[in-house]
Amino acid sequence: MVDSIDSNDGIFRTQNLNLYYGENRAVKDVSISFKKKEVTAIIGPSGCGKSTLLRTLNRMNDFIDIFSTKGEIFFQGEDIYRSSQDVADLRKRVGMVFQRPNPFLKSIYKNIVWGPQIHGTKKDLDELVESSLRKAGLWDEVKDRLNDLATNLSGGQQQRLCIARTIAMKPEVILMDEPCSALDPRSTARIEDLIGELRKDYTIVIVTHNMQQAARISDKTAFFYEGELVEFGDTKSLFTKPKEKRTEDYITGRFG
Amino acid sequence: MFHFLKLIMRSLLKRSNLFKANSIKKDWFDSFVKGSLGLCALISIITTFSIIFILGKETLLFFEQVPIGDFLFGTKWEPLLEPQSFGVLPLISGTFLIVIGSSLVAIPAGLLTSIYLGEYAGPRTKAIVKPILEILAGIPTVVYGYFALTVITPMLKMIFPSIEVFNALSGSIVVGIMILPMISSLCDDAMSSLPRSLKEGGYAMGATSFEVVWSILVPTALPRIVAAFILAISRAIGETMAVVMAAGATPKMTMNFLESIQTMTSYIVQVSLGDTPAGGVEYQTCFAVGAVLFVMTLVMNIIGRKFYKRFNLEIE
């Protein structure tokens, strides 16, 4: 059912993970492993638990009072829900890009340096801003107006700025929660190209409802349905020769 | 009350259904409803304009007898004593003393309360604190005045033995407590109206609550927070009963919080309750002071609204 992957190789690994909102079990008994410097796409219909799983990896679900977990999640071999886990440090190492671009009401420059600064970086901020914006493919568009408000950029530019802001933290993993769902096709294409560039340096886990997108950009794909991990494997084989009936039905558009 | 309204609405709806058969009657009913609703709206407009008209008329009559310069820049306010003097500055300074004092109490406390409730307090604490704040906002101001006189002033007397029975400090503190719920609830609205994703963006970068609040939420909501301050200050300017009872009725140019002062509103109360004959210049002082008060509050409210609108433009 699930491809046999050497479970110790993953930068993130879950073991019989169950996620609950109150009594409601949103993710059921999932064991999955995300490999270093690979792009893993999580697909599935709305409400299948894909975003819930993603937001558990950097413990963003901590803000939901009724949320609870059962099972284990290891990041670099350590359980992120152990009591000694420094959540701020985890989130520094596991960056996140959200559905809607959410730049701060600050200048482009300050948006980039804000994260590093709260973690104590004081030197070489100019270089950091330039290299992060270059990696996010935004440098040429904004280099002359770094002091302008970031909120005045177009939606696609804002999203690339949010990626640059995440890169500036030098994370090990970047989580993306449907990063293109609020963007037009051209901006979407640019973000997809960017993900292609970023895969050289970062581990990326991306949730998407767009199957073509998953097929284009990811190395591995996980298909979730009603909280269960139905199928997980190489993107190519999952889309061309799905092993599960439900996967086949979903990717051929029979439901979802 | 609400139930009663619902009943009326239901019977109105029924009647409009009955009229459906006859479209002329229905048109008549619609225009009747429209007309009576418009009349209700008209009442508040008429009231506003008649207040402005009377205020303006009496103020102009006042300035026929007292030069406007003497009024605006005079430093002695003794309209009820011979020889009369009509310098409004002592009343303005008294008002400012209360505004400054109460702002020093209410602005930090109100902002911090809203931040605590928004970012730190658990659901149970919120369920207790929020209704308490609402009760605080609903207490009649005369009760606050009584509280100042019988509780705050005696306590202050222990710290400052030289304090007068009526003093600006006690008035400031009590007005501060009165406007605190307003500031905290408006600041709370300001920050909770920000997109959730903004806060999440901060936390997702490993920021602490402190960093998210002071470096993201407060700066982003700042125009609306400032608007909250201004609206609250304009309430403090207009506050009457508590100030009369706590700060007394001594028009005086002073910056000493331990002395008795008089604000514009407390002067108006003094004259209204006294036996000043209608039509005399003493009587008209009331309107002149009222006009100053009106202009000040109006300006504050306009500035407050401007800030509020700017915020909405930036966020959309």
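Which residue stands opposite A:Thr221 in strand 10 of chain A?

1. The residue is A:Gly233. The model is a predicted one. Strand 9 of chain A, residues 220-225, runs antiparallel to strand 10 of chain A, and six bridges join the two.

2. These two strands belong to an open sheet of six strands in chain A, with the order 6-7-8-3-9-10 and mixed pairing. Strand 6 (94-97) and strand 10 (228-234) of chain A are the edge strands; each has a single partner strand, so one side of each has no neighbour in the sheet. On average, neighbouring strands of this sheet are turned by 15° against each other, direction ignored.

3. Chain A also has an open sheet of four strands, in the order 2-1-4-5, with antiparallel pairing. Here the edges are strand 2 (24-35) and strand 5 (78-79) of chain A, each with a single partner strand, so one side of each is left without a neighbour in the sheet. Strand 1 (residues 10-21) and strand 2 of chain A are paired in the antiparallel sense over eight bridges. Within strand 2 of chain A, A:Val27 is the bridge partner of A:Leu19.

4. Helix 1 of chain A packs on the four-stranded sheet, where it touches strand 1, strand 2 and strand 4 (67-75) of chain A, and its direction makes about 120° with that of strand 1. Helix 1 (residues 50-57) of chain A also lies across strand 3 (39-43), strand 6, strand 7 (173-177), strand 8 (203-207) and strand 9 of chain A, running at about 150° to strand 7.

5. Two residues in the loops around strand 7 of chain A deserve a look. A:Lys170 is not a glycine, yet has a positive phi of about 50°. A:Lys170 sits in the loop between helix 6 (155-167) and strand 7 of chain A, and is exposed, with a relative accessible area of 61%. A:Glu178, also not a glycine, has a positive phi of about 45°. The loop that holds A:Glu178 runs between strand 7 and helix 7 (185-198) of chain A. A:Glu178 counts as buried, at 12% relative accessibility. Most residues other than glycine have a negative phi.

6. The largest nonpolar core has 102 residues, of which B:Met191 and B:Ile225 touch the most other members. Helix 9 (residues 209-238) of chain B gives the most to this core, with 14 residues. Neighbours within four places in sequence aside, B:Met191 is in contact with B:Leu111, B:Ser114, B:Ile115, B:Leu217, B:Val218, B:Ala221 and B:Ile225. A second, separate core of 42 residues includes A:Val113, A:Ala164, A:Ile167 and A:Ile195.

7. For chain B the domain assignment gives domain 1 (2-64) and domain 2 (77-310). Their centres, taken over C-alpha atoms, are separated by 34 Å. Seven residues from domain 1 of chain B and ten residues from domain 2 of chain B take part in the contact. About 760 Å² is buried between the two domains, with 82% from carbon and sulfur atoms. On the domain 1 side, B:Leu55, B:Glu58 and B:Phe62 lose the most area to domain 2 of chain B, together 70% of what that side buries.

8. Between the chains, 22 residues of chain A are in contact with 17 residues of chain B. The two chains bury about 1700 Å² between them, 66% of it on carbon and sulfur atoms. In chain A, the residues that lose the most area to chain B are A:Phe104, A:Leu105 and A:Trp114, together 31% of what that side buries.

Terms used
Residues numbered from 1 in each chain as written. Chains lettered and ligands numbered in written order. Predicted model: local features only at pLDDT ≥ 70, side-chain atom pairs only at ≥ 80, totals over all residues. Heavy atoms only, no water. Pairing = 2+ DSSP bridges. Axes fitted to C-alpha atoms, helices over the stretch in contact; angles between N-to-C directions. Contact = heavy atoms within 4.5 Å. Core = buried A, V, L, I, M, F, W, Y, C linked by side-chain atoms within 4.5 Å. Buried < 20%, exposed > 50% of the residue type's maximum accessible area, 1.4 Å probe, protein only. Domains from an automatic or database assignment. Buried area = accessible area lost by both parts, 1.4 Å probe.
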